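Here is a short briefing on one chain. Please keep the sequence and the 3D view open while reading.

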Amino acid sequence: MPANGRAVSIHDLAECKRHGRRFAVVTAYDYTTARILDAAAIPVLLVGDSLGMLMLGYPSTLPVSMEEMLHHARAVARGAPTRLLVGDMPFDAYHASDAEAVHNAAAFLKAGMNAVKVEGGGRIVALVRLLVERGIPVMGHLGLTPQFVNALGGMRVQGRSGEDRRRILDDALALQDAGAFSLVLEGVPRDLAAEVTAALRIPTIGIGAGPDCDAQVLVVHDLLGLTQDPMPKFVRSYGSLGDQAKEALTAFATDVAAGSFPDDAHSYH
Ligand code: KIV
């Protein structure tokens, strides 16, 4: 990855794959967090539609609109302008027509993103080809694709049967051929992720897909322990910021109630 302040590009990710160098991807939804992720030298930030649950309190990613995504994308772009920024196309932004999909993907680039992510294989492959032809880099996403939660019958690991494995591998190869520059593999068995990773020239980015992918992505709230919700098996929390925040806020309220904040040192004279 560039160490001289140069912006991270999709070619840097291709280099990582060629040289067997793993890299981290983290979701980002706001300016302040983007600055922290930038300072931590996280090369790729994903403005994921998971912001629907984490920032907006929706029950799933399905209600998230383009307008909401762009609002958060612009904030992240202001916070980490030299990282590779990927905007997640929300559920209803790319299925109605190619024209609408191109328009919405272009809106992400205008908002400061460098690429977009779309979920699924099959008929999505043709859309990926179209977007890439229009100069819009695309990250694919296969396996447990949350926008398909109703069709999948719940948030469950994908690719356990022989037929499913074959389909995921075929879709992965088709997305690569269509020009996708990387591929998220979510909620698939470790050995399938390893097989797909070995079969592709483009980097795979795992989440709940085991350690054999070329990169790993986690949701920033999960990674930092910001939420009090039970974590899925594949998450490792590297902090407990939620507990720390609760402690700090309780201490503030206690000091205010006791009259010990503000004290003279925090007052103007
Ligand atoms: O929306 C999101 O956060 C994602 C990642 C978890 C891959 O799609």
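This is a predicted model: local features need pLDDT of at least 70, side-chain atom pairs count only at pLDDT 80 or more; totals for chains, interfaces and linings use all residues.

What distance separates the centres of domain 1 and domain 2, taken over C-alpha atoms? The answer is 39 Å.

**Domain layout**
- The chain is split into two parts: domain 1 covers 10-238, and domain 2 covers 240-269.

**Interface between the domains**
- The size of an interface is often given as the accessible area lost when the parts come together.
- Here, domain 1 and domain 2 bury about 360 Å² between them.
- Carbon and sulfur atoms account for 50% of that area.
- On the contact count, four residues of domain 1 meet five residues of domain 2.

**Polar and charged features**
- How many residue pairs are in polar contact between domain 1 and domain 2? The count is four, with both residues at pLDDT 80 or more.
- Salt bridges across the interface of domain 1 and domain 2 number zero.
- The side of domain 1 that touches domain 2 has two nonpolar residues, two polar residues and no charged ones.

**Aromatic pair**
- A pair of aromatic rings is described by the distance of the centres and the angle of the planes.
- The structure holds one such pair.
- Phe 252 and Phe 261 form this pair, with 5.9 Å centre to centre and 70° between the planes.
- Why is the pair edge-to-face? The planes are 70° apart, and over 60 degrees counts as edge-to-face.
- Phe 252 is partly exposed, because its relative accessible area is 47%, between the 20% and 50% limits.
- Phe 261 is also partly exposed, with a relative accessible area of 36%.

Notes: Residues are numbered from 1 along each chain as its sequence is written. Side-chain values use heavy atoms; hydrogens and water are left out. Rings of Phe, Tyr and Trp (its six-membered ring) pair if their centres lie within 6.5 Å; planes under 30 degrees apart count as stacked, over 60 as edge-to-face and the rest as tilted. Buried means under 20% relative accessible area, exposed over 50%, partly exposed in between (1.4 Å probe, protein chains only). Domain bounds come from an automatic or database domain assignment. Contact means heavy atoms within 4.5 Å. Buried area is the accessible area (1.4 Å probe) that two parts lose on being put together, summed over both. A salt bridge is a side-chain nitrogen of Lys or Arg within 4 Å of a carboxyl oxygen of Asp or Glu. A polar contact is a pair of N or O atoms within 3.5 Å; within protein, one must be able to donate a hydrogen and the other to accept it, and residues adjacent in sequence count only if both atoms are side-chain atoms. Ala, Val, Leu, Ile, Met, Phe, Trp, Tyr, Cys and Pro count as nonpolar, Asp, Glu, Lys and Arg as charged, and the others, Gly among them, as polar.
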